[in-house]
Amino acid sequence: MAGYEVIGDEEKKALADIFEHGGGVLFRHGFDQVRKNSFQVKDFEREFAEYMHSPSALAVSSGTAALKVALASININPGDEVITQSFTFVATVEAILESGAVPICTEIDETLNMCPNDLISRITPRTKAVIVVHMLGTSAKMDRIKEICDEHELILIEDTAWGCGGEFQGKKLGTIGDIGCFSFDFAKTITTGEGGMLTFRNQEFHQAARAYHDHGHDNNPNFPRWEDTRTRSGFNYRMSEMQGAVGRAQLRKLPQILKMQRYNAEQTKKIISNFPQFAIRSQHRDSIGTDDAVIFHSLENYEAIEIRKTLLEFGISTKILPEATTWHFAGDWSHIFSIDSHSNLPIGLAYPSSRKLLKKCVSLPNGVFLRKDFHADLSRALEKITENDT
Ligand SMILES: *Cc1c(COP(=O)(O)O)cnc(C)c1O
């Protein structure tokens with residue numbers, strides 16, 4: 001959460017500026033006489049790359065599109081395997097399917113992200129790339145995962161949909177692997193309504209992605225657009241100038257959004273840590289999350305679903321865990337998989353250790369603004385849950 005909480009006059013003014021000063025041009029290319037040098041998407045890409053300390057960025061129409069464009073840019077062939085994690089949003093697996101590759105999911109570890117050892121066990125001669133997800137804004141173990149990818153010559157893509165502005169060992173999430181994929185949908189850390197961004201370390205992938213997302217246009221500076229050169233087929237995943245304008249306004253707010261979310265999460269964690277019966281999701285010590293949610297689990301026999309019931313009595317809802325793994329856990333996706341090809345288990349029984357972990361977790365939504373009594377109510381709810389302990 002977050003971006004939408006702080007939408008206001010800045011976004012409104014950014015949109016109005018396109019019409020008042022930019023000739024009302026809503027397309028990222030061309031119309032040079034009319035637009036009076038107003039290039040919102042181009043400027044958003046430059047400013048985003050600067051913020052991320054990334055050599056380059058490409059804006060697209062959604063986070064799912066970002067994943068699809070990333071996979072197109074690395075030349076996936078039919079039969080190639082792409083490995084991601086079993087706890088993610090369904091979009092990650094959809095993008096792999098759309099690219100013509102075979103999606104393979106790993107177990108998660110105590111960070112609730114890709115388990116490095118399980119990743120190793122699922123690599124085959126057909127594995128081409130890995131999509132690691134920083135689920136709900138907490139970094140995966142990027143040092144180990146990058147090492148494994150380097151060793152096996154696999155392309156590493158980061159699904160940074162929740163991780164915009166998070167860090168691992170001093171680097172921004174999304175800039176550690178080969179390609180970072182960001183989402184600006186309405187529930188993400190910054191938002192353009194719908195929208196996404198890719199960051200690249202390597203110019204070859206960047207150029208391929210830029211052409212693919214724009215019908216294969218090379219955008220060759222020596223030709224007008226309608227006579228442009230082309231080397232491959234593409235599609236349309238372009239961002240519009242309106243999204244670009246809103247994105248620039250939101251990006252300026254990102255440091256403040258992160259500061260407030262981290263502060264609120266800290267307060268929530270303090271309350272939880274008053275109760276020795278509970279443990280907070282583990283996080284690599286050299287990482288800084290975006291704190292989109294605060295996840296904890298019981299060290300004793302409290303059922304997550306019972307914890308949720310009591311939280312609801314105090315007006316506190318949960319986010320995804322434990323109640324809604326439907327769209328976020330591959331073990332629930334019988335509409336996509338029938339078996340897990342690695343373990344040969346039917347999908348409803350696959351990823352047993354992830355299933356066990358997720359079942360005990362409770363995820364508290366976090367944001368820039370928490371209601372006034374949130375922490376007091378949380379404290380009272382946890383007291384009630386544990387009141388019969390000696
Ligand atoms: C939100 C999300 C996406 C997709 O982004 P959209 O902009 O909604 O298409 C992909 N992966 C993860 C992990 C997400 O949370």
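User: In this predicted model, which side chain reaches to the backbone nitrogen of threonine 64 at the start of H4?
Analyst: The model is a predicted one. At the start of H4, the backbone nitrogen of threonine 64 has a side-chain oxygen within 3.3 Å. That oxygen belongs to serine 62.

User: Is H4 largely enclosed by the rest of the structure or largely open, and how many of its residues are buried?
Analyst: Residues count as buried under 20% relative accessible area. The buried residues of H4 include Gly63, Lys68 and Ser73. H4 is largely enclosed by the rest of the structure because the buried share of its 11 residues is 10.

User: Which residue just after H4 takes a positive phi?
Analyst: The backbone just after H4 adopts a phi of about 60 degrees. The residue with this positive value is asparagine 75.

User: Which element gives the most residues to the shell around the ligand?
Analyst: The ligand is surrounded by 16 residues, and Thr64, Asp159, Ser183, Asp185 and Lys188 are the closest. A nitrogen atom of the ligand lies 2.7 Å from a side-chain N or O atom of aspartate 159. Two or more residues of the shell come from each of helix H4 (63–73) and helix H5 (90–98). With three residues, the element that gives the most is H4.

User: How far is an oxygen atom of the ligand from a polar backbone atom of glycine 63, and what share of the ligand's area does the protein bury?
Analyst: Between a ligand oxygen and a polar backbone atom of glycine 63, the distance is 2.7 Å. A polar side-chain atom of serine 183 also lies 2.7 Å from an oxygen atom of the ligand. Taken alone, the ligand exposes 380 Å², and the share buried by the protein is 93%.

User: How many residues of the shell around the ligand are charged?
Analyst: The shell holds six nonpolar and seven polar residues. The remaining class, the charged residues, numbers three.

User: Is histidine 53 buried or exposed?
Analyst: Histidine 53 is found in the loop between helix H3 (40–52) and strand E1 (56–60). Its phi is positive, about 55 degrees, although histidine 53 is not a glycine. The cut-off for exposed is over 50%. Histidine 53 has 68% relative accessibility and therefore counts as exposed.

User: Is tyrosine 351 buried or exposed?
Analyst: Tyrosine 351 belongs to the loop between strand E14 (345–346) and helix H11 (352–360). Its phi is positive, near 50 degrees, in a residue other than glycine. Because its relative accessibility is 2%, tyrosine 351 counts as buried.

User: What accessible area do Tyr4, Ile7 and Phe186 have together?
Analyst: Tyrosine 4 is placed in the segment before helix H1 (9–21). Its relative accessibility is 34%, so tyrosine 4 counts as partly exposed. Tyr4, Ile7 and Phe186 form a nonpolar patch on the surface, and their accessible area together is about 280 Å².

Notes: Residues are numbered from 1 along each chain as its sequence is written. This is a predicted model: local features need pLDDT of at least 70, side-chain atom pairs count only at pLDDT 80 or more; totals for chains, interfaces and linings use all residues. Side-chain values use heavy atoms; hydrogens and water are left out. Patches are made of residues with over 30% relative accessible area and no salt bridge: like charges are joined within 9 Å, nonpolar side chains (Val, Leu, Ile, Met, Phe, Trp, Tyr) within 5 Å. Accessible areas come from the Shrake-Rupley method with a 1.4 Å probe; for residues, only the protein chains shown count as cover. A salt bridge is a side-chain nitrogen of Lys or Arg within 4 Å of a carboxyl oxygen of Asp or Glu. Helices (H or I, at least four residues) and strands (E, at least two) are DSSP runs, numbered from the N terminus. Buried means under 20% relative accessible area, exposed over 50%, partly exposed in between (1.4 Å probe, protein chains only). A residue is near a molecule or strand if one of its heavy atoms lies within 4 Å of it. A polar contact is a pair of N or O atoms within 3.5 Å; within protein, one must be able to donate a hydrogen and the other to accept it, and residues adjacent in sequence count only if both atoms are side-chain atoms. Ala, Val, Leu, Ile, Met, Phe, Trp, Tyr, Cys and Pro count as nonpolar, Asp, Glu, Lys and Arg as charged, and the others, Gly among them, as polar.
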